[in-house]
Number of protein chains: 2
Amino acid sequence: MRRDIFQAIADPTRRAIIALIAVQAMTPNAIATHFDTTRQAVSKHLRILTECELVKATQEGREIHYQLEVQKMKEIDQWLAQFRKIWEGRFSELDKLLANMKTKKK
Amino acid sequence: MRRDIFQAIADPTRRAIIALIAVQAMTPNAIATHFDTTRQAVSKHLRILTECELVKATQEGREIHYQLEVQKMKEIDQWLAQFRKIWEGRFSELDKLLANMKTKKK
DNA sequence: AATATATGCAACCGTTCGGTTTCACAAACA
DNA sequence: TGTTTGTGAAACCGAACGGTTGCATATATT
């Protein structure tokens, strides 16, 4: 089991769950009504999301409320940061040209 | 085959390849030397990255140069945007409180 | 022309994934 | 106390994943 954030958000259902509970904490049953699968399948997704700490569970009687750990989402943002430099900056055009020249020179 | 960006970046080797060619375009052979797998395995990764248009191939004689399609990376950024609102804004604390109250009220 | 180099593709293999069905268990309710 | 409700865990299944080995092909090099 790899179980890192990137593997967690790879599944479209899981991304939808994340978006759902980002608004407000929800129980597995409530979440499941939004999808075309069994409650158990949703439960498995929640387990994966919990394992990589993207989601936090809070028991309340017999109900369990799952809520998004927004902080963890920052890790994706941090990984993206290195590329943001490229697509934002003037960097892009000039340096890509230089890179290509260096390659062709050989 | 799902083959969307999120599935593409789920694999750590693929993320490493992306980071590598972000700096400058590279051939499959050159890329493969950076990893502990066969050239063919890298080739398969490149195929997946190409299919979801994260990477662009340019033939040059018998060599093929793969280069990152930085634009495509923005799509991840765009998906992340909805959560950035939450983790950045004052939004977070107050609204999470309200969301919880609304849940408990029932 | 013969050989070496750069590459992709197909077949195969063990593992993981995402789903279902069945069961177990604790909390709430009658 | 018996029943309903909310939930997780286990066993199973077909599909996809990530890797390897072997082969085919086109371009360079000798």
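Start with DNA strand C. Of its atoms within 4 Å of the protein, 60% belong to sugar or phosphate, and the rest to bases. Before going on, the ground rules. This is a predicted model, where local features need pLDDT of at least 70, side-chain atom pairs count only at pLDDT 80 or more, and totals for chains, interfaces and linings use all residues. Residues are numbered from 1 along each chain as its sequence is written, chains are lettered from A and ligands numbered from 1 in the order in which they are written, and side-chain values use heavy atoms, with hydrogens and water left out.

For S43(B), a polar side-chain atom is 2.9 Å from a phosphate oxygen. R62(B) goes to a base instead, with a polar side-chain atom 3.1 Å from a base oxygen. The elements giving two or more residues to this surface are α2 (12-23) and α4 (39-51) of chain A, with α3 (28-32), α4 (39-51) and β2 (63-68) of chain B. Helices (H or I, at least four residues) and strands (E, at least two) are DSSP runs, numbered from the N terminus.

Next, the two protein chains. A rotation of 180 degrees with 0.0 Å of shift along its axis superposes chain A on chain B, RMSD 0.0 Å. The copies are thus related as by a two-fold rotation axis. The superposition is by least squares on C-alpha atoms of residues with pLDDT of at least 70 in both. In chain A, A10(A) has the C-alpha nearest the axis, at 3.0 Å.

Last, H65(B), in strand β2 of chain B. Is H65(B) buried or exposed? Buried, at a relative accessible area of 9%; the cut-offs are under 20% for buried, over 50% for exposed, and partly exposed in between, with a 1.4 Å probe and protein chains only. The C-alpha atoms of H65(B) and V55(B) are 10.0 Å apart.

Notes:
A residue is near a molecule or strand if one of its heavy atoms lies within 4 Å of it. A polar contact is a pair of N or O atoms within 3.5 Å; within protein, one must be able to donate a hydrogen and the other to accept it, and residues adjacent in sequence count only if both atoms are side-chain atoms.
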